[in-house]
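Thanks for coming. I have one structure to go through today, and I will keep to what can be computed from the atoms.

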Amino acid sequence: MASKSCVLLSFFTVLAVSSAYPFKNKQYKPCKHLVLYFHDIIYNGQNRENATSAIVAAPQGANLTILAGQFHFGNIVVFDDPITLDNNLHSKPVGRAQGMYIYDTKNTFTAWLGFSFVLNSTNYQGTVNFIGADPLMQKTRDISVVGGTGDFFMHRGVATLTTDAFEGEVYFRLKVDIKFYECW
């Protein structure tokens, strides 16, 4: 009987000690933080001089100036957009956002993004690489920061996207709030 008492006492001692040190979620703090804006002007067949993106594949076949269907499902867009420190399209660019987005859902506005920020300013040199789903109808969306070069060598983190401006199907501006949690 004494051995059962020892086992029970040991069990309750472990339980009491365990509850004295409750597990706490570790709150990570970013090692670097940036807020940038990128401006996308899609080619519509009449704005060749100002366009920074173009549809390169579409279900409509050869007509690559018309977005497909209500939710643009199947369109693939490539872009080379200016990046600014503020939300003014005419501000001095600090780099370019280069990559693509694919409209990948039939019943709502959503896209899959794969792109890089190529930064070349007095403050930052290098690239930041992003990848992830962008459910456009949500006010804010998070995508993964999967690496970088230069000042951002092997950085990883999360970028929160907010559609800052939207003008029909020709122009949109994204606020990109980047929080790096791994900095080398």
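This is a predicted model: local features need pLDDT of at least 70, side-chain atom pairs count only at pLDDT 80 or more; totals for chains, interfaces and linings use all residues.

First, the ground rules. Residues are numbered from 1 along each chain as its sequence is written, and side-chain values use heavy atoms, with hydrogens and water left out.

On layout, the protein has one helix and nine strands. Helices here are DSSP runs of H or I with at least four residues, strands are runs of E with at least two, and both are numbered from the N terminus. In sequence order the pattern is α-β-β-β-β-β-β-β-β-β. Of the 184 residues, 35% are buried. Buried means under 20% relative accessible area, exposed means over 50%, and partly exposed is in between, with a 1.4 Å probe and protein chains only. The protein exposes about 11200 Å², with carbon and sulfur atoms supplying 59% of that area. Those areas come from the Shrake-Rupley method with a 1.4 Å probe, and for residues only the protein chains shown count as cover. As for contacts, meaning heavy atoms within 4.5 Å, take those between residues at least 6 apart in sequence: 47% of them join residues at least 24 apart.

Now the pairing. Two strands pair if DSSP finds at least two bridges between them. Start with β1, residues 32-41, where seven of the 10 residues are buried. Which strand does β1 pair with over 10 bridges? That is β9, in the antiparallel sense, and there H39 has R173 as its bridge partner. β1 also pairs with β3, residues 76-84, again antiparallel but over two bridges. In that pairing Y37 stands opposite T84 and F38 stands opposite I83.

β3 has other partners too. Strand β2, residues 53-57, pairs with β3 in the antiparallel sense over four bridges, with A57 opposite I76. β3 and β4 are antiparallel over eight bridges, and P82 has R96 in β4 as its bridge partner.

Next, the largest pocket, which has a volume of about 430 Å³. For the method: on a 1 Å grid over the protein atoms alone, a pocket is an open set of points with protein on both sides within 12 Å along at least five of seven lines, and lining residues have an atom within 4 Å of a point. Grid points are joined across faces, edges and corners, and the volume is the space filled by probe spheres set on the points.

What lines the pocket? There are 23 lining residues, and Y103, F109, L136, F166 and F172 lie nearest the centre. β1, β4, β5, β8 and β9 each supply at least two residues of the lining. The largest share comes from β9, with three residues. By class, the lining has 16 nonpolar, three polar and four charged residues. Nonpolar covers Ala, Val, Leu, Ile, Met, Phe, Trp, Tyr, Cys and Pro; charged covers Asp, Glu, Lys and Arg; the others, Gly among them, are polar.

M100 lies in β4 and counts as partly exposed because its relative accessible area is 31%. Leaving out residues up to four places away in sequence, M100 touches I76, V77, V78, F79, W112, L113, G114 and F115. From M100 to S116 the C-alpha distance is 9.4 Å, at 16 residues apart in sequence.

I131 is in β6, and at 35% relative accessibility it is partly exposed. Beyond its neighbours within four places, I131 contacts W112, L113, I143, S144 and V146. The C-alpha atoms of I131 and Y101 are 9.8 Å apart, with the two residues 30 apart in sequence.

The last two sit in loops. Q138 is between β6 and β7, and is partly exposed at 46% relative accessibility. Its C-alpha is 9.5 Å from that of T110, 28 residues away along the chain. M154 is in the loop between β7 and β8, and is partly exposed at 39%. The phi of M154 is near 55°, a positive value in a residue other than glycine.

Technical notes
On a 1 Å grid over the protein atoms alone, a cavity is a set of points where a 1.4 Å probe fits but cannot get out, and a pocket is an open set with protein on both sides within 12 Å along at least five of seven lines; lining residues have an atom within 4 Å of a point.
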